[in-house]
Amino acid sequence: MLGNIVTGCSVLAPAGMLAELSDGLGVTIHTAGLLITFGAIVLCVGSPVTAWLTSRTERRALLTATLLVLTLTNAASAFVPNYDSLLIIRLVMLAVGVLYTPQAAGTAALIVPVEKRGSTIAYIFLGWSLAAAIGLPLITFIASRYGFRATYGAIALTGLVSSLLLWWRLPGGLHGAPVDFRTWVDLGRNPMVILLLSITTLQMSGQFVVFTFMGPLLAKLTGANADAVGIVFALYGIFGFVGIVIATRVVDSWGAWKTSVLFTVLLLAGVAGWALSAGAYALMAASVAVWGLGFASTNSMQQVRLVGAAPALASASVSLNTSVLYIGQAIGSAIGGLLFAREWLHSAGYVATAFVAAALAVVVITRPRRTAATAAAE
């Protein structure tokens, strides 16, 4: 979970300091936003490839090495001379860092009983909520006062501490099921897996149309300064934390589908609220809070549902979910960048809402079928 905080901060950092990156490196905000778009492309390609290449690697060594690479590349980012150097380092960072989240979820499944798998995977994903709740506001705060270089240095220090703790506490000798070509074929023939992956893609595409440029959008639409933007990021993350705590508590009794429906509805309500209230800071902030309730919980439920849909292929399906998650980020941030560059600031919220509404529709149609045993029990 702590490693997911580092991973989340490494992936999301540019969104919290686009203005500082723009000023410090002499590029436009749209160009600075491409750090997220290009990074997401590397992440979506890298997830299944690295899952295949490392499927036979012992998990403690793999996860610790991944965090050490994140530590070193964040440290290097603090000393870059120009934008091109930062982009190259970021692509290397994420090509390796893509390993962490899916393999952490798969590792968690190896060390807990089956009946606790859903809540444990949701707990592991709590790291992403904390990255948004604590990491993004701190990134915005540090960058606005000390520059983006100090921010990267802080992430590197956190990564070093996390890697040492992981090596100390995680049991050794953990190995997941090997991933080969047959694994991908089996996943591709599973209709439920395909539908679940489409949900992830739609949800993330919609969110990142707005999220990538949330700071600049707030500044342009409401005149918000860096501290006001930091407050909105904090609301997003704090309510994301609350949402995933609730999801962790109810998923084992409700089931992943009902939990997923609830939090996707909240996600849609928040994104739609942003679109409808654009220009009113207080209402936009409140909408982001509702949005936050859904963002991490929906992603963790996706992982739980994928593990349940094909338990024997969990390592590959979760890594593939991570891959399409980043496809969504790339699509959303690219669309958001085009809208921002053309000053179509109000349109972003409505485009985001359309994507999330489509995701909810697919969630609804993936309701599990009742078996004869279930019907008899009812």
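Colleague: Among contacts between residues at least 6 apart in sequence, what share joins residues at least 24 apart?

Modeller: In the protein chain that share is 85%, with contact meaning heavy atoms within 4.5 Å. Keep in mind that this is a predicted model, where local features need pLDDT of at least 70, side-chain atom pairs count only at pLDDT 80 or more, and totals for chains, interfaces and linings use all residues. Residues are numbered from 1 along each chain as its sequence is written, and side-chain values use heavy atoms, with hydrogens and water left out.

Colleague: How many helices and strands does the chain have?

Modeller: 17 helices and 0 strands. Those are DSSP runs numbered from the N terminus: H or I with at least four residues for helices, E with at least two for strands.

Colleague: And what about the radius of gyration?

Modeller: The chain has 20 Å, which agrees with a compact globule, because 378 residues would give a value near 21 Å. That radius is taken over C-alpha atoms, and the globule rule is 2.2 Å times the number of residues to the power 0.38. The C-alpha atoms fill a box of roughly 60 × 45 × 30 Å along the principal axes.

Colleague: What percentage of the residues is buried?

Modeller: 57% of the 378 residues. Buried is under 20% relative accessible area, exposed is over 50%, and partly exposed is in between (1.4 Å probe, protein chains only).

Colleague: Which residues touch the most other members of the largest nonpolar core?

Modeller: Leu 21, Phe 211, Met 214, Trp 291 and Tyr 326, out of 87 residues in that core. Helix H7 (residues 117-146) gives the largest share, 10 residues. By nonpolar core I mean a set of buried Ala, Val, Leu, Ile, Met, Phe, Trp, Tyr and Cys residues joined through side-chain atoms within 4.5 Å.

Colleague: What is Met 214 in contact with, leaving aside neighbours within four places in sequence?

Modeller: Val 232, Phe 233, Trp 274, Val 288 and Trp 291. Apart from this core lies another, of 15 residues, including Val 193 and Leu 197.

Colleague: Switching to H10. Is that helix mostly covered or mostly uncovered?

Modeller: Mostly covered, with 15 of its 21 residues buried. H10 spans residues 191-211 and reaches 30 Å from its first C-alpha to its last, close to the 30 Å expected at 1.5 Å a residue; the expected span is 1.5 Å times one less than the number of residues.

Colleague: Which residue caps its N-terminal end?

Modeller: Asn 190, with a side-chain oxygen 3.1 Å from the backbone nitrogen of Met 192.

Colleague: Which side chain does Gln 103 make a polar contact with?

Modeller: Arg 59, at 3.2 Å. A polar contact is a pair of N or O atoms within 3.5 Å; within protein, one must be able to donate a hydrogen and the other to accept it, and residues adjacent in sequence count only if both atoms are side-chain atoms. Gln 103 sits in helix H6 (residues 100-111) and is buried, at 2%.

Colleague: Last one: where does Glu 343 lie?

Modeller: In the loop between helix H15 (314-341) and helix H16 (347-365). Phi of Glu 343 is near 65°, a positive value in a residue other than glycine.
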